[in-house]
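I opened this entry to keep track of what I looked up, one topic at a time. Here is the structure I had on screen.

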Amino acid sequence: MKVSNHFLAASAVPLPTRREDLLARLTEPQVWDLLVVGGGATGLGVAWQAAREGLKVALLEARDFAQGTSSRSTKLVHGGVRYLAQGHWPLVREALHERRGLLERAPHLAQPLAFVMPTYRRGEQAFYGAGLKLYECLAASASLGKTRFLNAQMTQASIPGVRAEGLRGGVQYWDGQFDDARLALALARSAASKGACVVNRVSVQHLLYENGRVAGVRAQDAEQGLAFDLKAACVINATGVWVDDLRLADGHQQKQAMTRLVTPSQGVHLVVDASFWPGDKALLVPKTADGRVLFAVPWLGKVLLGTTDTARPDAPIEPRPASEEVDLILKEAGRYLKKAPGRSDVLSAWAGLRPLVRADSSSSDASGLTQKISREHHIEVSSAGLVTVTGGKWTTYSAMAQDVMQQARRLAGLKPAGRAVTENERLIGAPNVGEWHPQLTGPAGAHLYGSEQGWLEGLPGAQVALAPGLTEAMVRFAARYEYARSVEDVLARRSRCLFLDATLAKALAPTVAQILRQELAIDPGQAAFEALAAEYAHCP
């Protein structure tokens, strides 16, 4: 696979994200080639792909980039080991190829990670090992490393936090991990560097039509309340688990198609101190007591435990873990971790919603589990020309974007402006090919800024540490170059403090708010964030 050595100009000189400039450009009388609604992984991927092709692109995000599903993943870049047993081999093969590409585009934010699957029962190692060997074979040239069979002693040495009682051995294989929210920001900023107008906190009120066809949207700035119309040759609905809100509001949609596409599924994660799972390898338990998967993933100096996979009838902006989901994770972690965590050990408890494509009314079983629903993406074009994309997962965002663009070109007659598109062109901040960078299993720090670290360290407050891995300069960088508008934007997604240690995040809120007031001259929502952080700090 070829890797582009082309660096975006904005990597050397960060592109300012002054809101007044963005809104002025957005409201200029013009017709956009492509208008993307939704600033999660899918929408940002589409905007990046279209901007690289030289199209005139605008992207609207009602809240903040990756605020929903795309910042609440298990932080894994993976092909989907458990999908093998479900027979989704083409999905796994595609995801493994895309996994390699994602890691190459942003090696400071996405890296290979070794996983170990401990075995305690006779025959487990051979059974699961065969599946993992197949997983490696499906990756072919995109493989990240060899699958190895380990005896009990080797397993303990590899993952010292594992429970030793009854341990027979293990299997080590390779996948990847990433910082999902910061990768989303890299996509947004990379699209902007190619000419896209990418704006957060602008919502879509309704669709606009000309001659019965979708021709744009009525939008509203959430901060000033200003409403305005945007015209576009093609409108993409990429709002994830919320796609049905816009899709079913399409007044020109065919009546027989007016059914919901998405079945929301909730995934819960608990974050604990690294002492519960020391080392730099992750744990995979392929089948817990109720048939779900358990992960223990070292990430940014802490350990993520998860995840659940539970259907829910609604799609709140801030889903919360249910007590029984917490019980399940802690119980299963206690079966495999030498040092079993309890509720009092949880530093942050959070949930995300997966936009699973509804296959039929029996998509979830009687217990409300959704792990059998396909993770493939789905693209629908309404009779009025609204393109809706949902499903899929972070790992395959680029393939999803290419499929969406194929539909958009066919629908609206869009033609690339002749700009050459290099496969796996690197995103803003990507370091030089082969350059060493610290691993994501270790604590956060300036290294997450990659090639922009020099710019970061030149800002006021570069030597003023607010907390481990967070400086005053990082807050200023977020406000000036990363679209941050609130304390939550900074401490949840530019820094990942809320997801790692909610109590610490709450304590940092006043200082971060003060810096944002200096930078932006707005109310940065300190009180709202402190209330949110208190929820994350509470383990139900």
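Entry 1: I began with Phe477, which is buried: its relative accessible area is 0%, and the cut-off for buried is under 20%. I should say at once that I am working from a predicted model. Next I looked up the ring partner of Phe477. Tyr449 and Phe477 make an edge-to-face aromatic pair, with 5.4 Å from centre to centre and 90° between the planes. The pair links distant parts of the chain, 28 residues apart: Phe477 sits in helix α13, while Tyr449 is in the loop between α11 (397-412) and α12 (453-457). Is Tyr449 buried or exposed? I found Tyr449 buried because its relative accessible area is 6%, and buried means under 20%.

Entry 2: How many aromatic pairs does a search of the whole structure find? I noted twelve. I then took down Phe115 and Phe295, whose ring centres are 6.3 Å apart; their planes meet at 75°, so this pair is edge-to-face, as planes over 60 degrees apart count as such. This pair also joins distant parts of the chain, since I find Phe115 in strand β4 and Phe295 in strand β13 (residues 294-299), 180 residues apart. Both Phe115 and Phe295 are buried. I also noted that Phe115 and Phe295 belong to one aromatic cluster together with Tyr135 and Tyr173.

**Entry 3: Thr119 and Gly166.** Staying with strand β4 (residues 110-119), I looked up Thr119, which is found there. Thr119 has a relative accessible area of 1%, so I wrote it down as buried. Which residues does Thr119 touch, not counting those up to four places away in sequence? My list reads Glu124, Gln125, Gly166, Leu167, Arg168, Gly169 and Gly170.

Leaving aside neighbours within four places in sequence, Gly166 is in contact with Thr119 and Tyr120.

Entry 4: I read off about 390 Å³ of space for the second largest pocket. Its lining has 25 residues, and those nearest its centre are Ala444, Pro468, Gly469, Ser495 and Leu500. Which elements give two or more residues to this lining? I have α13 (472-481), α14 (487-494), α15 (497-500) and α16 (502-520). By class I noted 15 nonpolar residues in the lining, along with four polar and six charged ones.

**Entry 5: confidence.** The mean pLDDT of the protein is 92, and 92% of its residues reach 70 or more. Confidence is highest in α14, at 99, and lowest in helix α1 (residues 9-12), at a mean of 44. The pLDDT is below 50 over residues 1-11, a stretch that has 42 contacts in the model beyond near neighbours in sequence. I marked residues 361-374 as well, where pLDDT stays under 50 and the model has 31 contacts beyond four places in sequence. My reminder to myself: where pLDDT is low, the predicted coordinates should not be read in detail.

Methods. Residues are numbered from 1 along each chain as its sequence is written. This is a predicted model: local features need pLDDT of at least 70, side-chain atom pairs count only at pLDDT 80 or more; totals for chains, interfaces and linings use all residues. Side-chain values use heavy atoms; hydrogens and water are left out. On a 1 Å grid over the protein atoms alone, a cavity is a set of points where a 1.4 Å probe fits but cannot get out, and a pocket is an open set with protein on both sides within 12 Å along at least five of seven lines; lining residues have an atom within 4 Å of a point. Grid points are joined across faces, edges and corners, and a volume is the space filled by probe spheres set on the points. Helices (H or I, at least four residues) and strands (E, at least two) are DSSP runs, numbered from the N terminus. Ala, Val, Leu, Ile, Met, Phe, Trp, Tyr, Cys and Pro count as nonpolar, Asp, Glu, Lys and Arg as charged, and the others, Gly among them, as polar. pLDDT is the predictor's confidence in each residue, from 0 to 100. Contact means heavy atoms within 4.5 Å. Buried means under 20% relative accessible area, exposed over 50%, partly exposed in between (1.4 Å probe, protein chains only). Rings of Phe, Tyr and Trp (its six-membered ring) pair if their centres lie within 6.5 Å; planes under 30 degrees apart count as stacked, over 60 as edge-to-face and the rest as tilted.
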